[in-house]
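Biologist: I'm new to this one and a bit lost. Please pick a single part, take me through it closely, and then show me what else is worth a look.

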Protein chains: 2
Amino acid sequence: MKQISPWKPLHEREKERRAKRDAVLRMAAQSFNEKGFHATSLDDVAARLNVTKPTLYYYFKNKEEILFECVRIGLQMIDEAAENVARRGGTGVEQLFAVMRKYAEIVTMDFGMCLIRVGEDPLQPAARRKLRQLKARIDRRFRSLIEQGIAEGDLAPCDAKIAAFTVAGALSWIARWYRPDGPLSPNDIAEQCISVLVEGLVRRAEPLSGRPRSTAMYEGPSRTK
Amino acid sequence: MKQISPWKPLHEREKERRAKRDAVLRMAAQSFNEKGFHATSLDDVAARLNVTKPTLYYYFKNKEEILFECVRIGLQMIDEAAENVARRGGTGVEQLFAVMRKYAEIVTMDFGMCLIRVGEDPLQPAARRKLRQLKARIDRRFRSLIEQGIAEGDLAPCDAKIAAFTVAGALSWIARWYRPDGPLSPNDIAEQCISVLVEGLVRRAEPLSGRPRSTAMYEGPSRTK
């Protein structure tokens, strides 16, 4: 009888390897988010994946490398979302509100949450620098959309740098307090947090809801209510 | 000749001891804020104080206990500031804006910055729980001032829980990006960040600056420009 190889073809093995690597990252991110980076051991992560720690070392050098990847993916998700929004075009505020929605959504997901809850602090200086470069890129995107919105007359004149940090701070904070088992959906949270940032806390003489364009801008297609 | 005691009286020694303990905490907070908690060793902190590590152990059990105290003091500063504002009374928005200003100011200071930049994540569960109780207390203060502001008709109706987190998130984020040697003073930052939160990003048909009461409310006595 002709011997059939018990190994799968190379491309399938590569695909499997990648799926396993992703599973390690996602499981680690969930554990970092729940218990904190320091309270998470690689033994825990391995046990949750039904393997032992040496198996993880086939994919990653150590816990720091895993965290680096989790945070990098979180940042990349935001950056790519912003890139997609930019590619679709539109006014500064249209793009800004779309990026805000994506940002709010991503920080309630495993890697985005890990980016905010743990971040780069436990890492070595070189790794921290790389992640900070990615962060600065996202910050520049916010800033330039705000500048564009001011120039186009839709946003109130303000210091775009501080406004960008105010927006990013409020949205990032969602990752700190959001509970997947809580009463509020990520969508409700995003909508209301963005509404505070866009309309302000103080009651407007002329409510924005009377202005269909601006309402459509930030409530967008993902509004469910 | 009559022997004079080379030791200072008890009350003075107690005062000195407290000053030294405070110096350890402040020096540690500054180092945590600059380099991160994990990258800071107690040897560094001791060296910066011209002593050796065993001297620090006279005041604190370990680095975790020092962090606990730094974060606790940061939270206590905010809580006490909010308590002082409450004692002076005023409408919900008047109190809310006053607490927002104090919060923004405190997170640019050593312990407040440490509260946000490092926080309770590196600590043991029992310590984390204690600090989270203090955090929840501050959150409840924000929430109830927002509810009061809505009830009094000054704030736009919103989910007070999400609005409180939005405000706390935006203000806390200042601690992450503020650089004492940067071009913006804590006062400028506070003013502009609060202005975004209060007035919103979108241009108002009727600018708030035409409404003297609300301007006075959040620009308050600490406005320097």
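Modeller: Let's start with the buried residues of α9(A): Asn187(A), Asp188(A), Ile189(A), Ala190(A), Glu191(A), Gln192(A), Cys193(A), Ile194(A), Val196(A), Leu197(A), Val198(A) and Glu199(A). Buried means under 20% relative accessible area, exposed means over 50%, and partly exposed is in between, using a 1.4 Å probe and protein chains only. That makes α9(A) mostly covered, with 12 of its 14 residues buried.

Keep in mind that this is a predicted model, where local features need pLDDT of at least 70 and side-chain atom pairs count only at pLDDT 80 or more, while totals for chains, interfaces and linings use all residues. Residues are numbered from 1 along each chain as its sequence is written, chains are lettered from A and ligands numbered from 1 in the order in which they are written, and side-chain values use heavy atoms, with hydrogens and water left out.

Back to the helix. α9 of chain A runs over residues 186-199 and reaches 20 Å from its first C-alpha to its last, close to the 20 Å expected at 1.5 Å a residue. (The expected span is 1.5 Å times one less than the number of residues.) Just after α9(A) comes Gly200(A), with a positive phi of about 90 degrees.

Now zoom out to the chain. Chain A has 10 helices and 0 strands, where helices (H or I, at least four residues) and strands (E, at least two) are DSSP runs, numbered from the N terminus. Its C-alpha atoms fill a box of roughly 80 × 45 × 35 Å along the principal axes. Of the 225 residues in chain A, 48% are buried. Among its contacts (heavy atoms within 4.5 Å) with a separation of 6 or more, 67% join residues 24 or more positions apart.

What about the core? The largest nonpolar one has 142 residues, and those with the most contacts inside it are Met100(A), Leu171(A), Met100(B) and Leu171(B). Such a core is a set of buried Ala, Val, Leu, Ile, Met, Phe, Trp, Tyr and Cys residues joined through side-chain atoms within 4.5 Å. Leaving out residues up to four places away in sequence, Leu171(B) touches Met100(B), Tyr103(B), Ala104(B), Val107(B), Cys193(B), Ile194(B) and Leu197(B).

Some of that is one helix meeting another: Met100(B), Tyr103(B) and Ala104(B) in α5(B) meet Val167(B), Ala168(B), Leu171(B), Ser172(B) and Ile174(B) in α8(B). The axes of α5 (residues 92-106) and α8 (residues 160-177) of chain B come within 8 Å and cross at roughly 30 degrees. Axes here are lines fitted to C-alpha atoms, for helices over the stretch in contact, with angles from 0 to 180 degrees between N-to-C directions. The pair, α5(B) and α8(B), is therefore roughly parallel, as angles under 35 degrees count that way, while over 145 is roughly antiparallel, 65 to 115 roughly perpendicular and the rest oblique.

Last stop, the outside. Asn50(A) has phi near 60 degrees, positive in a residue other than glycine. Asn50(A) sits in the loop between α2 (42-48) and α3 (53-56) of chain A, and is exposed at a relative accessible area of 72%. Over in chain B, Asn50(B) has a positive phi of about 60 degrees and counts as exposed at 71% relative accessibility.
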